[in-house]
Amino acid sequence: MLEQLEGSRAVARTVALCRPEVIPAYPISPQTHIVEALSAMVKDGSLTPCEFVNVESEYAAMSVAIGASATGARTYTATASQGLLYMAEALYNASGLGLPVVMTVANRAIGAPINIWNDHSDSMSQRDCGWIQLYVESNQEAVDTHLLAFRLAEQLSLPVMVCMDGFILTHAYEQVHLPSQEQVDSYLPAYEPRQLLDPDEPVTIGAMVGPEAFTEVKYLAHVKQMQALDLIGQLAGELAGVLGRAQDGLLREYRCEDAETVVVALGSVLGTIEDAIDELRETGMKVGAVGIKAFRPFPVAEVRAALGHAARVVVVEKALALGVGGIVSQDVRIALGGANPVAGAPAHVYTVIAGLGGRPITAASLRTLLRDADSDNLEPLTFLDLNHELVERELARTRATRRTGPHAENMLRDIGVVAAGPV
Amino acid sequence: MTERRCGVSRMLGLAGSGEVNCMFQVRIHGRGGQGVVTAAELLSLAAFHEGRHAQAFPSFGSERTGAPVVSFCRIDEREIRTREPVSEPDALIVQDATLLHQVDVFGGLRADGYVLINSPRSFDELGLAEWTQGFRHERLLTVPAAEISREHIGQMRPNAALLGGMAALTGVVSLDAVLHAIGDRFSSKKLADGNAAAARDCHEHVLAHMQGEVSAHA
């Protein structure tokens, strides 16, 4: 049914239709509306049978999720930013134990400095924890992808995180087709666990594994992630049939057929990128975009195929590997053959760090960026819309005196920020 | 140049001779606690009820009563993909006139843009006479929305009322659609009815002013 509603609410209603049995949750901006909505549904009986567990922290949330999932309950939670970090140890446990927990990560920057706005540093910091990571471009995609997430998780016995841009998507009001209970039930059967803590048929889960088998257990986890590369496409196809609308699967190509410059990105910024591309295409520039939907596992073959014909690639990233540069760019370079590039591979892979801490990524900035890229007038690593003067001023301070005081406070004072956030 | 059928833009006379841009972008300024976010959501709901695409979102500042807040609403015939804040609004709503000389509320307003300010005073009385030079005079209005809302809902909460005024001023959504959205959004019948009455009142007020303008120039 087509409705106009807030992204978080659309996700909450969709998750409820997936019949979760246990939701252990701790609130954190900007996912709070999701778990609040779900708790209200459990309380008023519209989501049943389901136990909503108010826990004391995100670490507790994932710990309870592990316990619940191990007893065969379909389990869901949501978090962001510091909350994701707080449960880091438990994330590795959930994936290591092969438990199909589904979690929404409402992407938000990691402090310090404290920042409640969107970027991908939270989920990127956990890209190797063994969870499958799916990134969505719109609230419609968020809704559809949660269905796929539960199905994928349970089929593979691996946890899945659905990453949606905090505030930008979670707090945006837009139209969404919400599935019916019948549609969800036809796509998502009851959970059949591979392993089950059951007093009638006792097993232990959580063995200590020494050098004799640790590598093999890890290798199996890697194999399972690689299986997702095929499975995601299949399940997306099936979902498209059930919902009656196309699903992207591992990635989506936009106007790439004859593109000389291809932009790669994850999440909601793809919408703005597509608008910028349409405008640039009108001026004759041959530019396209690849939206990566499944980041873990990384669809090496599909990325290689999508970028193979381009002269250059511009990876727009909302996170930063401090001391190195891009994160997504590294995986893109692997796909293109790394140090031994595949024949015909793009000559340049540019990394553009953008949108950190919620800085808006504008079509105007993207157009300028892509025009520079198109004429190869771009550094290998760029920070979009960086205020060089502001940085220089602070660096000058550090050269002039030892006791500079905190950098963040100095810079805020320099730009005269007093009250609310960016306009 | 891609030609697109665009009912909204043509009706509003916003389509220039070249590229037809269907999108209508609104920016709403106010302070925390004044329902600025709800206003954008209501506007998007109104457009949705008319079968259009609409995207509403706030600028996410430190949530605190009294702090400046901005929200955005885009309306279009087709799917809205962009996610950046509205930097070149077609219309501005200012819910709190104390922001006028504190925050750059008018930044990026298009030359033929609309402005609706909640105030019992005129543009001149608000010290904005000079500023109005570059814009279309008949599209800049003030309306005592807070007083109107107090009459109908007992509080100075002009957000819903102002949307009634917006409908009259710009025609981007109909009053009916605004009333439909108000009915949907407020679960308390008293608040829904009161806000609807305030929106109607504001709508009348703006229409009357616009007709007065027309006859003054006739």
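**Helix packing and the chain contact**

Author: We can begin with a crossing in chain B: α2(B) passes α5(B) in a right-handed way. The model is predicted.

Reader: Which residues of α5(B) meet α2(B), and how do the residues of the contact divide by class?

Author: From α2(B) come B:E41, B:L42, B:L45, B:A46 and B:H49. They meet B:A177, B:V178, B:H180, B:A181, B:I182, B:D184 and B:R185 in α5(B). By class, the contact of α2(B) with α5(B) has 7 nonpolar, 2 polar and 3 charged residues.

Reader: How is α4(B) oriented relative to α5(B)?

Author: Helix α4 of chain B spans residues 159-170 and helix α5 spans residues 175-185. Their axes come within 9 Å and cross at roughly 160 degrees. Angles over 145 degrees count as roughly antiparallel, so α4(B) is, relative to α5(B), roughly antiparallel.

Reader: What is the handedness of the crossing of α4(B) and α5(B), and how many charged residues are in their contact?

Author: The crossing of α4(B) with α5(B) is right-handed. B:A160, B:L163, B:G164 and B:A167 of α4(B) meet B:L175, B:V178 and B:I182 of α5(B). By class, this contact of α4(B) with α5(B) has 6 nonpolar residues, 1 polar residue and no charged residues.

Reader: What pattern of helices and strands does chain B follow along the sequence?

Author: Chain B has 6 helices and 6 strands. Of its 218 residues, 50% count as buried. Along the sequence, the pattern of chain B is α-β-α-β-β-β-β-β-α-α-α-α.

Reader: Is B:R81 buried or exposed?

Author: B:R81 is located in the loop between β3 (68-76) and β4 (91-94) of chain B. A residue counts as buried if 20 or more other C-beta atoms lie within 10 Å of its own. B:R81 has 20 C-beta neighbours inside 10 Å, so it counts as buried.

Reader: Which residues is B:R81 in contact with, leaving aside its neighbours within four places in sequence?

Author: B:D184, a residue of α5(B) that meets α2(B), is 103 residues from B:R81 in sequence and 25 Å away in space, C-alpha to C-alpha. With neighbours within four places in sequence left aside, the contacts of B:R81 are A:G271, A:T272, A:E274 and A:D275.

Reader: Which element gives the largest share of the side of chain A that touches chain B?

Author: The contact takes 24 residues from chain A and 23 residues from chain B. On the side of chain A, the elements that give two or more residues are β8 (173-177) and α10 (269-282). The largest share, 5 residues, comes from α10(A).

Reader: How does the side of chain A that touches chain B divide by class?

Author: The contact takes 24 residues from chain A. By class, this side of chain A has 13 nonpolar, 8 polar and 3 charged residues.

Reader: How is α10(A) oriented relative to α13(A)?

Author: Helix α13 of chain A covers residues 363-374, and its axis lies 9 Å from that of α10(A). The two helices pack at an angle of about 55 degrees. Angles under 35 degrees count as roughly parallel and 65 to 115 as roughly perpendicular, so α10(A) is, relative to α13(A), oblique.

Reader: Which residues of α13(A) take part in the contact with α10(A)?

Author: The crossing of α10(A) and α13(A) is right-handed. From α10(A), the contact uses A:T272, A:I273, A:D275, A:A276, A:E279 and A:L280. From α13(A), it uses A:A363, A:L366, A:R367 and A:L370.

Reader: How compact is chain A?

Author: Chain A has 15 helices and 15 strands. Its radius of gyration is 22 Å, close to the 22 Å that the globule rule gives for 423 residues, so chain A is as compact as a globular protein of that length.

Definitions and conventions. Residues are numbered from 1 along each chain as its sequence is written. Chains are lettered from A and ligands numbered from 1 in the order in which they are written. This is a predicted model: local features need pLDDT of at least 70, side-chain atom pairs count only at pLDDT 80 or more; totals for chains, interfaces and linings use all residues. Two residues are in contact if their C-beta atoms, placed from the backbone, lie within 7 Å. Helices (H or I, at least four residues) and strands (E, at least two) are DSSP runs, numbered from the N terminus. Ala, Val, Leu, Ile, Met, Phe, Trp, Tyr, Cys and Pro count as nonpolar, Asp, Glu, Lys and Arg as charged, and the others, Gly among them, as polar. The radius of gyration is taken over C-alpha atoms; the globule rule is 2.2 Å times the number of residues to the power 0.38. Axes are lines fitted to C-alpha atoms, for helices over the stretch in contact, and angles run from 0 to 180 degrees between N-to-C directions. A crossing is left-handed if the near helix is turned anticlockwise from the far one by less than a right angle, and right-handed if clockwise. A residue is buried if 20 or more other C-beta atoms lie within 10 Å of its own, exposed if 12 or fewer, and partly exposed in between; C-beta atoms are placed from the backbone.
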